Amino acid sequence: MEKGYDVISFGAGQPDIPTPDHIIEAAKRSLDRRFTGYTETAGIYKLREAIAEYLNNRYHASVDPDEIIVTTGAKTAIFVVIASYITPGDEVIVIDPAYPAYSEATKLLGGIPKFLPLKFDKKEGFTIDLDKLEKMISSRTKIIVLNNPHNPTGAVFPPKIVDELMRIAERHNVILLSDEIYDNFIYDNAPFKSVSEYPDWKKRAILINGFSKTFSMTGWRLGYIVAHKEAIERMIRVAVNVYSCATSFAQEAAVEALRGDWTPSKRMIQLFQRRRDVIYEELSKVKGFETWKPQGAFYIYPRVRELLNKLNMSVEEFVDYLIDKQRVIILPGTAFSEVSGEDFVRLSYSISEERIKEGIARIREAIEELETIKLRR
Ligand SMILES: Cc1ncc(COP(=O)(O)O)c(C=O)c1O
């Protein structure tokens, strides 16, 4: 049965809620004051102060405003860091599956991404094989990328893993690049440790974060890098030649985001936790989906290997069938992994509980259809 054009999308990489009003008002005030010129490349001092304050209050990070660069989104931050640290032929270790920008930026810059597959177990969830990771380090390895909480799996890697990654980075003299853009999307009080919590962390790690997710500001294009002063100087050279500075009035609004009322963000995160519960429960009823309950971000990443084997379909064919026949959008794991993407699908739960239920019911219906088609053949 076709569903007309009532498309239910589990594809979104952004909150379905607009930027809170007080942040929008701050941008308007900034524009009214005609704050429309270039700013310092590193970002306006007041914003860097507010970022340092956030990190120091939350993580005791010992960050100084001079150790921060404001970027046009965390994505630009990823590019700036990688561009500052690799030369052609250098290697970047990426825990796989991953947000694609780490490996794509590496390749664009002539580097070689090396993928470490996450282990998956329906009970344990997604785990990092640290021995394997350490063995992958070569004389050309410059960076290990950690994304915690993790897109696309929703995993929150436990503090002892971050401890070990810091030690490995130290032992092998490589940089641990930690993308913590989902650091406010953590559920069930899952233990989380930022790299910025370690004493002297800037010797080994570089932190990336941003405003897109926590404050629903994806279109504003604002992120940041935190690193030691020397690294910042090196990265400023890239930043100044790529984007000059982040948008002036967006930066002023971001000060309000950090220092103003967090109630809208907190409410949104509670809402996401409820949606996480709903989507997990609904997906657990889908035959052939092996679903683990994530504790972070707003994604869930079920394994569908056995189902696809049974249906004799590739993950892309399955996802296309859902769009064509049921008007449901989910993403194939291949969008996040060259290694294990064929076995997984990603669903974002950035839609209402009702739509989640309706969407998963459609997926169930599609699987039943596919099974009967197969039986008839
Ligand atoms: C893990 C991760 N890092 C970075 C980004 C990029 O965010 P921004 O909008 O700040 O560029 C995303 C966006 O989806 C993401 O999932």
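**Figure 1. Salt-bridge network of Asp6, Arg355, Glu358 and Arg362.** In this predicted model, Asp6, Arg355, Glu358 and Arg362 are linked in a network of salt bridges. A salt bridge is a side-chain nitrogen of Lys or Arg within 4 Å of a carboxyl oxygen of Asp or Glu. By this rule the count comes to 30 salt bridges. Residues are numbered from 1 along each chain as its sequence is written, and side-chain values use heavy atoms, with hydrogens and water left out. Because the model is predicted, local features need pLDDT of at least 70 and side-chain atom pairs count only at pLDDT 80 or more, whereas totals for chains, interfaces and linings use all residues.

Figure 2. Lysine 28 pairs with glutamate 25 in a salt bridge whose closest N and O atoms are 3.3 Å apart. Both residues belong to helix α1 (residues 21-32), where three residues, about one turn of the helix, separate them; helices (H or I, at least four residues) and strands (E, at least two) are DSSP runs, numbered from the N terminus. Lysine 28 is partly exposed at 43% relative accessibility, and glutamate 25 is partly exposed at 37%. Buried means under 20% relative accessible area, exposed over 50%, and partly exposed in between (1.4 Å probe, protein chains only).

Figure 3. The side chains of arginine 171 and glutamate 134 meet in a salt bridge, with an N to O distance of 2.8 Å. Arginine 171 lies in helix α6 (residues 159-172) and glutamate 134 in helix α5 (residues 130-136), so the pair ties together parts that are 37 residues apart in sequence. Glutamate 134 has a relative accessible area of 23% and is partly exposed.

**Figure 4. Salt bridge of lysine 203 and aspartate 200.** The closest N and O atoms of lysine 203 and aspartate 200 are 3.6 Å apart in this salt bridge. Both residues are exposed.

**Figure 5. Threonine 71 in strand β2****.** Threonine 71 is part of strand β2 (residues 68-71) and is buried, at 0% relative accessibility. Its C-alpha atom is separated by 23 Å from that of proline 152, 81 residues away along the chain.
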